[in-house]
Amino acid sequence: MKNIRLDVQDFIATVTINRPDSLNAFNYETLCELGETAELLKTDRNVRLVIFKGAGKKAFSVGADLKERKTLSEQEVRRNVHKIGDVFHAIEKLPQPTVAAMNGHAFGGGMELALACDFRIAVKEAMMGLTETSLAIIPGAGGTQRLPRLIGKAKAMELILTAKRMTAEEAHTYGVITNIAEQEELMAKVMELAASILANGPIAVQQAKYAIKTGMNADLQTGLEIERKAYELTIPTEDRLEALQAFSEKRKPVYQGK
């Protein structure tokens, strides 16, 4: 792939938007490659956590490629909007935990990609926001739905309707991002979080993620049923038995994802 780089090592997949000269903006080709990457990852048993980042140090992603957008017909614009929404939905639905390593600015679709991830860690220099209303459009890849679910309706409306550009500190205060890091420490902080997650049973981690995210969109009783069914999937696993054996032997468990 030309615009998306995928690296897998030690059960961690790192997906890099590789268009630093365009501040990692999304043209249609990039969206297609990102969608193909998400499709590959969702069934890869060797991947237990996914990191999304941008190439370079200036931007995570500034969203839609406006140079391309100026050349598109209305039909092609609709195509792009449908594509970016579908791709980010696929990323949100990945069974593995996902982390947005926000190495720089994130606006529009770039911010929406981060919102589709489970965790967001940003460098302190990063500016970010859903700024689409300043271009006479609205967030079209999940921003109007994911941001209010994350931080509440009133604050999300304020940020979207004013097209506010937040500092990393503001975003952290609002609860948009989960942590802030120095540029040179970003990946170390991301990997620290990854290690804490990977130390646990991989099937249990995926089922816990599924129960939380699916249950949040249901009433409590339905959510409890979702949780119970997710728990039941962990009972016959070898990892559960390994955890019990390791406890009795006073050692760390070695999980196989089985």
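Leaving aside its neighbours within four places in sequence, which residues is Arg19 in contact with? That was my opening question for this notebook, and I kept in mind that the model is predicted.

**Entry 1: Arg19 and its loop**

I looked up the contacts of Arg19 and found Asn3, Asn24, Ala25, Phe26, Asn27, Thr30 and Asp65, with neighbours within four places in sequence left aside. Arg19 sits in the loop between E2 and H1. I then checked how covered Arg19 is: its relative accessibility is 14%, so Arg19 counts as buried, the limit for that word being under 20%.

Leu23 is also placed in the loop between E2 and helix H1 (28–41).

**Entry 2: Phe11**

Where is Phe11 found? I located Phe11 in the loop between strand E1 (4–9) and strand E2 (12–17). Phe11 is not a glycine, although its phi is positive, at about 70°. I noted a relative accessibility of 37%, so I wrote Phe11 down as partly exposed.

**Entry 3: helix H3**

I listed the buried residues of H3 as Asn80, Ile84, Val87, Phe88 and Ile91. Why do these buried residues line one face of the helix? Seen down the axis of H3, they fall within an arc of 95°, so they line one face.

Helix H4 (residues 109–116) is mostly covered, with eight of its eight residues buried. Among them are Met111, Glu112 and Leu113.

**Entry 4: Gln96**

Is Gln96 buried or exposed? I found Gln96 at 1% relative accessibility, so it counts as buried. Gln96 lies in the loop between helix H3 (74–92) and strand E5 (98–102). Leaving aside its neighbours within four places in sequence, I noted its contacts: Leu41, Lys42, Asp44, Val47, Arg48, Leu49, Val50, Asp118, Gln206 and Lys209.

**Entry 5: the two domains**

I looked up how the protein is divided: domain 1 covers 4–198 and domain 2 covers 200–249. Their C-alpha centres lie 27 Å apart. The contact takes 13 residues from domain 1 and seven residues from domain 2. I read off an area of about 800 Å² buried between domain 1 and domain 2, with 40% of it given by carbon and sulfur atoms. Which three residues supply 40% of the area that domain 1 buries against domain 2? They are Arg48, Pro95 and Ile197, which supply more than any other three residues.

**Entry 6: helix H10**

H10 (residues 220–234) has 15 residues and reaches 22 Å from its first C-alpha to its last, close to the 21 Å expected. I found Gly223, Ile226, Ala230 and Thr234 buried in H10. They cover an arc of only 85° around the axis, which puts them on the same side of H10. The face turned away from that buried side carries the exposed residues Lys229 and Tyr231. The cover over the buried residues of H10 includes helix H9 (202–215) and helix H11 (238–248).

I checked the N-terminal end of H10 too, and Asp219 caps it: a side-chain oxygen of Asp219 lies 3.1 Å from the backbone nitrogen of Gln221.

Pro236 is in the loop between H10 and H11. I noted a relative accessible area of 68%, so Pro236 is exposed. Pro236 and Lys258 are 22 residues apart along the chain, and their C-alpha atoms are separated by 9.1 Å.

I found Met157 in helix H6 (residues 153–161). Met157 is partly exposed, with a relative accessible area of 42%. From Met157 to Gly223, 66 residues apart in sequence, I read 27 Å between the C-alpha atoms.

How values were computed: Residues are numbered from 1 along each chain as its sequence is written. This is a predicted model: local features need pLDDT of at least 70, side-chain atom pairs count only at pLDDT 80 or more; totals for chains, interfaces and linings use all residues. Side-chain values use heavy atoms; hydrogens and water are left out. Helices (H or I, at least four residues) and strands (E, at least two) are DSSP runs, numbered from the N terminus. The expected span of a helix is 1.5 Å times one less than its number of residues. Buried means under 20% relative accessible area, exposed over 50%, partly exposed in between (1.4 Å probe, protein chains only). The arc is that of the directions from the helix axis to the C-beta atoms. Contact means heavy atoms within 4.5 Å. A polar contact is a pair of N or O atoms within 3.5 Å; within protein, one must be able to donate a hydrogen and the other to accept it, and residues adjacent in sequence count only if both atoms are side-chain atoms. Domain bounds come from an automatic or database domain assignment. Buried area is the accessible area (1.4 Å probe) that two parts lose on being put together, summed over both.
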